[in-house]
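Hi,

Here is the structure I promised to pass on. Have a look at it first, and then read my notes below.

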Amino acid sequence: MTPLSELYQQIELCRQCEIARFRNKVVPGEGAEDAAIMFIGEAPGWHEDQQGRPFVGPAGQFLDRLLASINLNRQQVYIANVIKCRPSSNRDPLPTEIANCHPWLEKQIEIIRPKMIVTLGRYSMARYFPGKTISKIHGTAVKRDDVIYFAMYHPAAALHQQSLRAAIEADMLKIPALLAEADRVAEEKHEPEPQQLNLFEV
Ligand code: URA
């Protein structure tokens with residue numbers, strides 16, 4: 001049994017939040033245990049809850065096309081969400097749900113040790129770029145402790161809005177160069193305040 005599958009077993013047992021009672025399947029995440037890039041979305045939707053897999057509905061099909069645009073497929077990356085259970089009626093995740101689920105996400109990151117974490121949408125962005133606004137920082141990266149954090153719009157939002165769609169497609173195309181030049185992305189200064197994050201335009 002791999003460390004990730006052991007973790008999935010533990011996540012399966014988690015009943016910390018009310019929404020766990022109503023889920024059809026928990027959606028821990030999927031992909032390569034040694035993936036260089038980890039994508040973090042928001043929460044499972046209806047399709048994900050049915051299948052127990054992240055990003056398998058329309059937003060997921062768009063994500064697959066975005067990955068293909070940089071010659072990647074979902075087996076070569078890792079895809080997770082901020083929370084692992086579907087919120088009822090696809091409402092936004094609650095702060096308590098995000099907090100309860102955060103240790104699972106942290107363990108996934110510990111196991112995978114990605115070189116790059118790509119945040120998809122506001123909820124994962126809030127964790128890694130606190131205090132920032134997605135319309136301002138999408139397509140920008142910051143490096144912290146040898147991990148590059150890169151913010152993108154959520155594929156579901158981009159599916160329905162043409163201007164966001166062009167932005168997410170363009171942002172995705174920045175990923176290969178960022179990874180290849182990982183060492184050239186300047187290290188963030190160790191300053192405690194999130195407002196003092198250095199963001200580097202690529
Ligand atoms: N939206 C997300 O944020 N995650 C999924 O897994 C599916 C849709």
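A word on naming before anything else: helices (H or I, at least four residues) and strands (E, at least two) are DSSP runs, numbered from the N terminus. Please keep in mind that this is a predicted model, in which local features need pLDDT of at least 70 and side-chain atom pairs count only at pLDDT 80 or more, while totals for chains, interfaces and linings use all residues. Residues are numbered from 1 along each chain as its sequence is written, and side-chain values use heavy atoms, with hydrogens and water left out.

First, the overall picture. The protein has nine helices and seven strands. Its radius of gyration (taken over C-alpha atoms) is 16 Å, close to the 17 Å that the globule rule gives for 202 residues, so the protein is as compact as a globular protein of that length. The rule itself is 2.2 Å times the number of residues to the power 0.38. Along the principal axes, the C-alpha trace spans about 45 × 35 × 30 Å.

Of the 202 residues, 50% are buried; here buried means under 20% relative accessible area, exposed over 50%, and partly exposed in between (1.4 Å probe, protein chains only). Taking contact as heavy atoms within 4.5 Å, 72% of the contacts between residues at least 6 apart in sequence join residues at least 24 apart. The accessible surface (Shrake-Rupley method, 1.4 Å probe) comes to about 10100 Å², and carbon and sulfur atoms account for 51% of that.

On charges, Lys and Arg count as positive and Asp and Glu as negative, with His and the chain ends not counted. Each charge is placed at NZ of Lys, CZ of Arg, CG of Asp or CD of Glu. The mean positions of the 23 positive and 25 negative charges are 4 Å apart.

Cys 85 is in no disulfide either, and its nearest cysteine sulfur, on Cys 101, is 6.3 Å away. Cys 17 is buried at 16% relative accessibility, and Cys 85 is buried at 10%.

Most residues other than glycine have a negative phi. Phe 55, which is not a glycine, has a positive phi of about 50°. Phe 55 sits in the loop between α2 (46–51) and α3 (58–68) and counts as buried, at 5% relative accessibility. Asn 71 also has a positive phi, near 60°. Asn 71 is in the loop between α3 and β3 (78–81). Is Asn 71 buried or exposed? It counts as exposed, at 67% relative accessibility.

You will find Pro 28 in the loop between α1 (3–13) and β1 (30–31), buried with a relative accessible area of 8%. Leaving aside neighbours within four places in sequence, Pro 28 is in contact with Tyr 8, Ile 11, Gly 52, Tyr 78, Ala 80, Lys 84 and Gln 108. Its C-alpha is 8.7 Å from that of Leu 105, 77 residues apart along the chain.

Last, a group of residues around Arg 165. Arg 165 belongs to helix α8 (residues 162–172). Beyond its neighbours within four places in sequence, Arg 165 is in contact with Phe 62, Arg 65, Ala 158 and Leu 159. The C-alpha atoms of Arg 165 and Pro 155, 10 residues apart along the chain, are separated by 7.8 Å.

Arg 65 is in helix α3 and is partly exposed, at 47% relative accessible area. Apart from neighbours within four places in sequence, Arg 65 is in contact with Leu 159 and Arg 165. The C-alpha atoms of Arg 65 and Gln 50, 15 residues apart along the chain, are separated by 22 Å.

Ala 158 lies in helix α7 (residues 155–160) and is buried, with a relative accessible area of 0%. Not counting residues up to four places away in sequence, Ala 158 touches Phe 62, Leu 164, Arg 165 and Ile 168. Ala 158 and Ala 59 are 99 residues apart in sequence, yet 8.6 Å apart in space, C-alpha to C-alpha.

Cheers

Conventions. Disulfide = S-S within 2.5 Å.
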